[in-house]
Amino acid sequence: RVVMTTAIERLLVVSPNWLGDAVMALPAVGDLRRAFPAARLIVAARKAISDLFTMSPLVDDVLVLQWSGRVWARRSRRADIEALRALHADATVLLPNSFASAWLVRRAAIPERWGYAADMRQRLLSRAVARPAIRVHQAEYYRRLIRGLGFDNGAPDPELVVPARAIEQARASLRQGGWIEDRPFVVMAPGAAYGGAKRWPAPHFAEVAARLVRDHDVQCVLIGSTADATTTRWVRSLVADDAREAVIDLAGSTTLETLAGVLSLARACLSNDSGAMHVAGAVGVPLAALFGPTRERETAPLSRRGGRVELLISHVWCRPCMLRECPLDHRCMTRLSTERVLATMADLMANRQ
């Protein structure tokens with residue numbers, strides 16, 4: 001059915017729950033912004049990723065959701081329903097596939113509820129779109145939802161604007177960690193939430209860090225969440241003694257905004273397939289992305305217009321297996337040589353715009 005876009009004055013978008021997915025949803029948010037240019041566009045997102053949308057020029061407001069989706073978390077569920085109801089949204093687009101997200105906006109009495117027909121939630125939606133019959137990139141998955149609702153897709157670029165305060169916070173964090181301001185630095189993200197199989201070996205990261213320090217006179221900044229801090233400490237401990245002082249570990253000590261600020265100042269980024277990888281692509285820092293067991297055709301990082309991404313993949317027979325831990329010898333990652341990664345990083349740094 002035809003939707004009168006002028007009748008939608010307040011449009012709510014419910015974000016995916018994972019950072020990488022949220023970044024890959026940005027082009028779809030852009031499509032909605034173009035479809036509803038006069039509407040107030042509000043994104044509802046969990047606290048861990050809500051700052052992502054404060055950096056989007058497409059978004060007018062961000063509502064932080066508290067409910068985890070668990071049945072017994074009654075207090076946070078009630079709080080979210082009340083907060084959503086208070087928005088007085090005319091319509092909501094559900095990017096997650098979950099039953100819980102559809103139930104939540106139904107309880108909040110939002111009249112138009114649009115999303116994919118998934119997780120037995122069709123009765124909760126006012127418009128349900130059939131899911132793609134084939135596997136597509138996650139960004140395209142969200143864009144097909146928008147197209148299925150009858151709205152045009154624009155360019156598939158993510159768009160983040162790092163605020164000046166985040167850049168200043170990044171500079172302060174870097175200085176505190178030992179950054180010499182007139183010395184360029186590269187960023188490395190050696191963690192990954194999915195499991196050990198997604199992680200390039202820590203000794204490889206350490207060797208690359210040491211070589212970059214020695215051969216290119218840069219500092220290396222290790223980033224990640226609190227959960228990645230064990231990995232980053234391990235990597236730093238493995239860096240050769242003569243280069244270790246030039247390696248700064250910021251894992252677990254930055255907000256999402258500050259992380260984006262750090263990335264915006266870097267010469268290049270080396271990352272496993274992770275949320276940090278997707279943020280790096282959206283910020284526009286030259287990016288070398290390491291893919292092992294996961295499907296790059298579905299989750300390769302997007303790059304903002306003018307950015308550059310190099311995918312580093314070892315094409316062994318057993319990938320992409322999508323396993324959390326490798327039952328063999330982790331060849332998809334171990335066969336990605338440090339020499340190949342170093343050459344890619346050197347090229348990215350040399351051609352930084």
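How much of the accessible surface of the protein belongs to carbon and sulfur atoms?

## Surface and charge

Carbon and sulfur atoms account for 50% of the accessible surface, which comes to about 15800 Å² (Shrake-Rupley method, 1.4 Å probe). Do keep in mind that this is a predicted model, where local features need pLDDT of at least 70, side-chain atom pairs count only at pLDDT 80 or more, and totals for chains, interfaces and linings use all residues. Residues are numbered from 1 along each chain as its sequence is written, and side-chain values use heavy atoms, leaving out hydrogens and water.

On the charge side, there are 47 positive and 35 negative side chains, with the centres of the two sets 8 Å apart. Lys and Arg count as positive, Asp and Glu as negative, while His and the chain ends are not counted; each charge is placed at NZ of Lys, CZ of Arg, CG of Asp or CD of Glu.

## Overall fold

The protein has 15 helices and 12 strands (DSSP runs: H or I of at least four residues, E of at least two). Its C-alpha atoms fill a box of roughly 65 × 45 × 40 Å along the principal axes.

Of the 353 residues, 55% count as buried (under 20% relative accessible area, 1.4 Å probe, protein chains only). Among contacts (heavy atoms within 4.5 Å) between residues at least 6 apart in sequence, 63% join residues at least 24 apart.

## A covered strand

Strand 5 (residues 112-116) has 5 of its 5 residues buried. Strand 4 (residues 91-94) runs parallel to strand 5, joined by 4 bridges (pairing needs at least two DSSP bridges). Val 93 has Trp 114 of strand 5 as its bridge partner.

Technical notes:
Buried means under 20% relative accessible area, exposed over 50%, partly exposed in between (1.4 Å probe, protein chains only).
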